Amino acid sequence: MELYLIIILVLMILGSIYSLNASDLLSAVISYGIVGFGLVIAFLLLQAPDLAIVQVVVEVATLIIMIATIKNTQSKIPKMEFKPKIAVYYAITLIAALIFLIVFDRATGCLSEFGADTMRMAQPYIDGVEHTKSANLVTGVVFDFRAYDTLGEATVLFTAVIGVLTILRIKGKKDN
Amino acid sequence: MIIYILCFILFLVGLYGVVSKRNLIKIIIGIAIMEYSINLFLIMIGYIEGGTAPIITKGFEHAKFVDPLPQAMILTSIVIGLATTALLLAVAIRLYQKYGTFDINKIKDLKG
């Protein structure tokens with residue numbers, strides 16, 4: 001179980017590295033799909049089927065929008081010429097990444113082990129199924145206990161759609 | 001613990017893309033990768049060994065479930081992530097129409 005997750009995660013990391021270093025935008029977007037669909041499999045392994053369904057839909061939509069964006073563009077990326085200055089940047093980046101990793105390792109030290117049986121927060125929600133009568137506990141939380149959060153989510157979604165429509169509007173101001 | 005570390009390495013790869021790449025599409029891909037890794041990390045915290053999906057079916061009324069609370073929160077987060085990515089891509093489309101390139105250095109030079 002944990003081994004499968006490690007394999008999926010390594011695949012996702014390789015896909016993301018290739019995606020960021022690809023010389024062609026279309027192959028970058030396609031290999032970005034590896035990360036998203038790997039995440040779907042990881043959600044299924046972690047017993048979260050609702051999230052897997054939502055993630056499939058979101059990933060396909062994101063890929064379609066990205067390919068529509070780069071469809072009619074000149075998608076070759078010129079290679080960066082190597083200067084000695086760039087080596088210094090790489091060294092600084094590596095050191096910073098190492099420091100981040102050490103800090104993260106210390107910070108997660110207070111978490112319980114992966115897969116440990118700790119229901120710190122969720123036990124009231126699981127017991128509350130008698131009140132909500134929802135067979136799916138996740139939707140019980142989303143639409144019943146935390147319905148105001150879902151309202152806020154809908155507000156963010158609405159605002160983003162209005163923003164996209166405003167940015168992509170063909171007709172601008174009449175003057176100039 | 002190695003699984004948390006791998007998840008954080010995925011986050012760092014996304015950060016590398018945001019900081020060092022000059023192409024707008026790659027910066028957006030980096031932001032999306034960071035967001036995915038955070039989602040995965042929070043779901044991993046809620047996982048319980050041997051637990052089943054938090055759906056009550058006949059015969060499984062009192063089975064051991066995984067934590068439903070992070071799943072509900074991440075469900076919200078995924079949808080918001082789609083909305084923000086779509087907004088970023090809309091800005092990228094507009095910039096390409098105006099300047100004819102995705103390279104942020106060239107866009108900076110062409111300005112004003």
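Is A:Leu39 buried or exposed, and how many C-beta neighbours does A:Leu39 have inside 10 Å? A:Leu39 counts as buried, with 27 C-beta neighbours inside 10 Å. The legends below start with the whole chains and then return to this residue.

Before you look, please keep in mind that this is a predicted model, in which local features need pLDDT of at least 70, side-chain atom pairs count only at pLDDT 80 or more, and totals for chains, interfaces and linings use all residues. Residues are numbered from 1 along each chain as its sequence is written, while chains are lettered from A and ligands numbered from 1 in the order in which they are written.

**Figure 1. Chain A, a chain of eight helices and zero strands.** Here helices (H or I, at least four residues) and strands (E, at least two) are DSSP runs, numbered from the N terminus. Following the sequence, you will read α-α-α-α-α-α-α-α. Chain A is more spread out than a compact globule, because its radius of gyration is 22 Å, well over the 16 Å that the globule rule gives for 176 residues. That radius is taken over C-alpha atoms, and the rule is 2.2 Å times the number of residues to the power 0.38. Along the principal axes, the C-alpha atoms fill a box of roughly 65 × 55 × 25 Å. Of the 176 residues in chain A, 22% are buried; a residue is buried if 20 or more other C-beta atoms lie within 10 Å of its own, exposed if 12 or fewer, and partly exposed in between, with C-beta atoms placed from the backbone.

**Figure 2. Chain B, a chain of four helices and zero strands.** Its pattern along the sequence is α-α-α-α. The radius of gyration of chain B is 20 Å, whereas a compact globule of 112 residues would have one near 13 Å. The C-alpha trace spans about 65 × 30 × 15 Å along its principal axes. Buried residues account for 40% of the 112 residues of chain B.

**Figure 3. The contact between chain A and chain B.** Chain A brings 70 residues to this contact and chain B brings 64 residues; two residues are in contact if their C-beta atoms, placed from the backbone, lie within 7 Å. On the chain B side, helix H1 (2-20), helix H2 (24-46) and helix H3 (68-99) each supply at least two residues. H3(B) gives the most to this side, with 23 residues. By class, the side of chain B that touches chain A holds 49 nonpolar, 10 polar and five charged residues. In this scheme Ala, Val, Leu, Ile, Met, Phe, Trp, Tyr, Cys and Pro count as nonpolar, Asp, Glu, Lys and Arg as charged, and the others, Gly among them, as polar.

**Figure 4. H1(A) beside H1(B).** The axes of helix H1 (residues 2-21) of chain A and H1(B) come within 10 Å and cross at roughly 10 degrees. That angle makes the two helices roughly parallel, a label for angles under 35 degrees. Axes are lines fitted to C-alpha atoms, for helices over the stretch in contact, and angles run from 0 to 180 degrees between N-to-C directions. Residues of H1(A) including A:Leu5, A:Leu9 and A:Ile13 meet a set in H1(B) that includes B:Ile3, B:Leu6 and B:Leu10. The residues of this contact divide into 16 nonpolar, three polar and one charged.

**Figure 5. A:Leu39 and its surroundings.** You will find A:Leu39 in helix H2 (residues 25-45) of chain A. Not counting residues up to four places away in sequence, A:Leu39 touches A:Met12, A:Gln55, B:Tyr36 and B:Leu40. A:Ile8 lies 31 residues from A:Leu39 in sequence, and their C-alpha atoms are 8.1 Å apart.

**Figure 6. A:Gln47, a loop residue with a positive phi.** A:Gln47 sits in the loop between H2 and helix H3 (49-70) of chain A. Its phi is about 60 degrees, although A:Gln47 is not a glycine. Most residues other than glycine have a negative phi. A:Gln47 is buried, because 22 other C-beta atoms lie within 10 Å.

**Figure 7. B:Glu49, in the loop between H2 and H3 of chain B.** With 13 C-beta neighbours inside 10 Å, B:Glu49 counts as partly exposed.

Notes
Angles under 35 degrees count as roughly parallel, over 145 as roughly antiparallel, 65 to 115 as roughly perpendicular and the rest as oblique.
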